[in-house]
Amino acid sequence: MEMTTRQTLTILHTNDIHSHFGSMPSIAAMINERRAASGDALLVLDIGDHMDRMAPETEGTLGGANVDVINLTGYDAITIGNNEGLTFTSDMIEQAYAGIHCPVVCGNLTERATGRSPSWMKDSVILNKAGIKIGLLGVTAPFTEFYQLLGWDVLDPFEVLGKQIAALRKQVDVVVVMSHLGLPSDEKLASQFPEIDVILGGHTHHVLEEPLQIGNTVLCGAGKFGTLLGEVTLTRNHSLEPFRVTSGGVVPVDQALLDEKVASAIVLHRRQAERAMESTVAVTDRELEIAYNEESPFGNLLAQSVSHFTGTEIALVNAGQLLGPLPQGDISKGILHSLCPSPINPCVMKLRGRDIRLALEQSLLPEFTDKPMTGFGFRGKVLGTMCVEGLTIQYDPDRAPYEKVTDIRVAGQTLEEDEEYTVGTLDMFTFKAGYKVLANGTDLQFMLPEFLRDLIEMELKRPGAMEECFAARWLQVSKQSGED
């Protein structure tokens, strides 16, 4: 009778949790259940954007809370997304990952200073699970300019993987790519590199109810925010055969299950974070209101802060960045974080007068001011009207759309349609988000690592800033009284 040496490998994977700490104890409990029930090889991976500085736990511990949860959950390896790579300075991220118990795998990121991977990162890993050798590769989305400003070089993920797969394939039974590139890139990877067995995806928050097969490669994705746990099983009947995917998909995370260790660690980190964010950064003598469909003092203060930080006469920002009014009294880091949580950076661009005018016209229309927004680093609810510095605008709300603005002045001079102006604004707009016309800007200069809340903190300390934000930029004119 012939002996069978059937081998099974189960991979559990998460991606784009974005610091939704509420789901983490449940995910850990489900992984523990699978681990206890599985006599076979089990591999647990995260595909990036586990950290999001919108969450006070992440902000106040600079990622320490996330790393603790990853350790307690027992992940075997993780890769990084743009939220880890771009919203933390290299010192912060090194400090966060100093205590991690599993490898952080990413092959397409190197330090500009050394040309090598940072000390906390591996460009590939081979893990042995119950005698099965798994080669793990990781790649993250190439936001080239942004990474350079933080001291990184981000390499072409396809070129990097091409070299790595050739070297790795002969040494292992299974090749897994942890890809924080997004589904369209994953599809290209699969057709370009048939040697990959499994691509676990993230970044575009796609849900693959069952694995997507392209050639011999299988693609998986488990959505976002920790609502789903991805699971894929590979099997072979004989050690000379290749592994084949026999099942896979996503399982809804059961909120009734809780891992006590993870839950209590999160509570401790939340308390620690709250203490860290109690320090007062400014004291205000009046409340600053925010409105999304018209000019408001807090919106003006944000525009002022961008103008002063970027050294530009004109600044354009959307009111939706601010989630509530700025209270009177002691303003702490925690208050600023709760009012302006988006990891969005300022930038400078050259913009033609006609594009500025179009953005201002759009910002008088409800389909823009009330537009729900997600992605591009934005953590607010709606886009909101355009807050400006350096412009005086006359408008008539009764006129037709795109004809409401009657006059725009820059330092007393009429805004010229064809002239180029230097404008301080937000990196989000360069991705054609919200006010898409601002993506026409040229000579872009991105400014990292400061976020908008850091700019507000600086502006609150500037003498006269509080008075200036009450000065009107938008002046309503009514129809001439001689008309019928």
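This report walks through the sheets, helices, cores and salt bridges of one predicted model.

Residues are numbered from 1 along each chain as its sequence is written, and side-chain values use heavy atoms, with hydrogens and water left out. Because the model is predicted, local features need pLDDT of at least 70 and side-chain atom pairs count only at pLDDT 80 or more, while totals for chains, interfaces and linings use all residues.

Let's start with the strands. Helices (H or I, at least four residues) and strands (E, at least two) are DSSP runs, numbered from the N terminus, and two strands pair if DSSP finds at least two bridges between them.

## The four-stranded sheet

Another open sheet has four strands, ordered β23-β22-β21-β26, again with mixed pairing. Strands β23 and β26 (474-476) stand at the edges with a single partner strand each, so one side of each has no neighbour in the sheet.

Strands β21 (residues 391-395) and β22 (residues 405-410) pair in the antiparallel sense over five bridges. Along that pairing, Ile393 faces Ile408 in β22, and Leu391 faces Val410 in β22. On to the next neighbour: β22 and β23 (residues 413-414) are also antiparallel, over two bridges, and Val410 has Gln413 in β23 as its bridge partner. The hairpin of β22 and β23 has two residues between the strands, and there Ala411 takes a positive phi near 50 degrees. Helix α12 (residues 353-362) lies across β21, β22 and β26, at about 130 degrees to β22.

## Helix α1 and the cores

Helix α1 (residues 24-37) has 14 residues and reaches 20 Å from its first C-alpha to its last, close to the 20 Å expected at 1.5 Å a residue. That expected span is 1.5 Å times one less than the number of residues. Several of its residues are buried, including Met24, Ile27, Met30 and Ile31. Buried means under 20% relative accessible area, exposed over 50%, and partly exposed in between (1.4 Å probe, protein chains only). The cover over the buried residues of α1 includes β1 (7-14), β2 (41-46) and α3 (64-73).

A nonpolar core is a set of buried Ala, Val, Leu, Ile, Met, Phe, Trp, Tyr and Cys residues joined through side-chain atoms within 4.5 Å. The largest has 101 residues, of which Tyr97, Leu316, Leu360 and Leu391 touch the most other members. Apart from it lies another core of 23 residues, among them Leu43, Val174, Met178 and Val218.

## Salt bridges and a buried histidine

A salt bridge is a side-chain nitrogen of Lys or Arg within 4 Å of a carboxyl oxygen of Asp or Glu, and the count comes to 20 salt bridges. Here are some of them.

| Pair | Closest N to O |
|---|---|
| Asp52 and Arg379 | 2.9 Å |
| Arg53 and Glu59 | 2.7 Å |

Asp52 and Arg379 are 327 residues apart and link distant parts of the chain. Asp52 is buried at 3% relative accessible area, and Arg379 also counts as buried at 12%. Arg473 and Glu389 are both buried as well. Arg53, Glu59 and Arg453 are linked in a network of salt bridges.

Where is His50 found? His50 sits in the loop between β2 and α2, buried with a relative accessible area of 2%. Leaving out residues up to four places away in sequence, His50 touches Ile17, His18, Ser19, Met24, Asn66, Ile70 and Glu84.

Terms used
Contact means heavy atoms within 4.5 Å. Axes are lines fitted to C-alpha atoms, for helices over the stretch in contact, and angles run from 0 to 180 degrees between N-to-C directions.
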